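Subject: Structure handover

Hello,

Here is the structure we spoke about, for you to look over. My notes on it follow below.

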Amino acid sequence: MRDHILRVVDTNLDEIFEITKFMYENPELGNEEFKACQAMCEAFKKFGFEVEREFCGIPTAFKASYDSGKPGPTIGFCAEYDALPGVGHGCGHNLIATSALLGAIALKSVLGEIGGKVEVYGTPAEETDGAKAAMADQNAFAGCSVVLMAHPAAIPETSGSSMCLMPITFRFYGKAAHASACPEEGINALDAVIQLYNGINAIRQHVPNDTQFHGVITNGGVAANIVPDFAEAQFYCRAKRKATAEAGIEKMIKIAEGAALMTGARLEHFRHEAAYYDLATNQALCEVFVKHQREMGENVRPAGKGNGSLDLGNVSYQAPCVHGWFGFEDPNLVVHSKEFADRTVTEDGRQMLKRAAATMALTGVDVITDPELLKNIILEFEAI
Ligand SMILES: [Zn+2]
Ligand SMILES: [Zn+2]
C-alpha cells in the first residue's frame, strides 16, 4: 500500500508542482484568491473529485470530495492559498494547497480497496480573517474523522499548539457638554474607557499566567473643551486554552460594566474579528503523522512555544487535528520573507511537496485501516 501511494505521488508530482509555481507567480491576498481557487478546483475535477465552489458562502472557499462508496472514516485535508503583501507566498501556502491536492489524489487511489472518503477544504485568508473560523462556525468540519494540514517551515516540527486569540471592542456612549460652562450636564465616555483600561491592568496579576490582555484606545473624544460623548477601545485576550481566554473576556466585560456604572455611560461590546481557538493537536494522530514524516526523510523536532495563533485551532475543536510543519532544514530561512517564497519553487520545494503529500495520504490510510488507532484518536478528542 505504501509503495502504491508513493508511486501515485511520484507520477503526479511534476503536474501538481506546476500549480505551486502558478500560485507563486500569481500571489493573491486573503479572500482574493480567485486564481488559486480556480486552479485547485480544476485540478480536483480533472482527478475525479466532486467540487463545491463558494463553500460556506465564502467566494474563494471550496470543498472537493471523493467517496469510495464503501463505509469508513472521512479524512479531511486543509488547503490554504493566500499570500502576503509585498512578499507573495512568503508563508508557503502555495505548498500547503498542493500538498493537500497531491495527498488527496494519492489517498483516493486506494480508497476503492480500503473504503472511506477524502475531503479537501479550500480555506482562504489564513493570514487575515481566517476563513476556517467562519467555516467551523457553520460546522463544516464536524463530519470529518480527522483533519490534516502540512505547513512549510525552516525546520520541521511536530504539530504543537497555538494560542487562543479572542477579540473584543468596547464602546461607551456618554453625553456631550461644554467642559467648563456646564460639565455637570455631561457624561464622559472617555472616563469610562480609562477606567476600563486601568481595571484591566489591575487584574493582570489575578488571572492564570498564560492570560494576556492587549488593548488600544481607538477613540477618545474630539476636542478638549467638549465632554466626550463617545469613546472606544479594542482588546485581545490571548491564552493557551479557549476556556482560559473566554474567562479573561468575561472579566473584561465585568470591568467594562463597572466603568459604565461609575460614569453613567452606556456600554456596548462586540467581537470585531473572528476568534481563533488554540490548536488542540491530537497526539495519537500526531504520532502516526510524524512517523510517516520521518520515514519520508524529515528530521522532525519537538514543537516550539507556539505563541502565534492559527485558524486551524477552531477546526481542532470540531475534529481531531494535526498541523504538521515540514522543513527546508535551513535555520537562516525566515518565514514571511521573499526568500521563503522563492524557496517554495526550487527543487527543495518540489521535494517538500512530495514528502508532505505522501505523509498526509499515508496517515489517512492508517486512520482508515486501523480501527484501534481511530478509537484512540476519538477518545482523546472527546476529552478536550
Ligand atoms: Zn503566515
Ligand atoms: Zn502560514
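A residue is called buried here if 20 or more other C-beta atoms lie within 10 Å of its own, and exposed if 12 or fewer do. By that count, 51% of the 384 residues of the protein chain are buried. Please keep in mind that this is a predicted model.

Overall layout

The protein chain holds 11 helices and 10 strands. Its C-alpha trace spans about 85 × 45 × 40 Å along the principal axes. Among contacts with a separation of 6 or more, 80% come from residues 24 or more positions apart.

The chain is divided into two domains: domain 1 takes in 2-162 + 276-382, and domain 2 covers 164-270. Their C-alpha centres are 40 Å apart. Where they meet, seven residues of domain 1 are in contact with five residues of domain 2. The domain 1 side of that contact is made up of three nonpolar, three polar and one charged residues.

Strand β4 (residues 117-122) is largely enclosed by the rest of the structure, because six of its six residues are buried. Lys 117, Glu 119 and Tyr 121 point one way from the strand, while Val 118, Val 120 and Gly 122 point the other way. Note that the buried set therefore includes Lys 117 and Glu 119, as all of these residues are buried.

The four-stranded sheet

An open sheet is formed by four strands in the order β7-β8-β6-β9, with antiparallel pairing. From one strand to the next the twist averages 20 degrees.

Within this sheet, β7 pairs with strand β8 (residues 230-239) over seven bridges in the antiparallel sense; Val 216 stands opposite Gln 234 of β8. Helix α5 (residues 189-203) lies across β6 (164-173), β7 and β8. The angle between α5 and β8 is about 15 degrees.

Two backbone angles to check

Most residues other than glycine have a negative phi. Which residues have a positive phi although they are not glycine? Asn 139 is one of them, with a phi of about 60 degrees, and Glu 329 is another, with a phi near 55 degrees.

Asn 139 sits in the loop between α4 (131-137) and β5 (146-153). With 10 other C-beta atoms within 10 Å, Asn 139 is exposed. Glu 329 belongs to the loop between β10 (321-327) and α9 (338-343). Glu 329 has 14 other C-beta atoms within 10 Å, so this residue counts as partly exposed.

Regards

Methods:
Residues numbered from 1 in each chain as written. Chains lettered and ligands numbered in written order. Predicted model: local features only at pLDDT ≥ 70, side-chain atom pairs only at ≥ 80, totals over all residues. Helix = DSSP H or I, 4+ residues; strand = E, 2+ residues; numbered from the N terminus. Pairing = 2+ DSSP bridges. Axes fitted to C-alpha atoms, helices over the stretch in contact; angles between N-to-C directions. Contact = placed C-beta atoms within 7 Å. Domains from an automatic or database assignment. Nonpolar A, V, L, I, M, F, W, Y, C, P; charged D, E, K, R; others polar.
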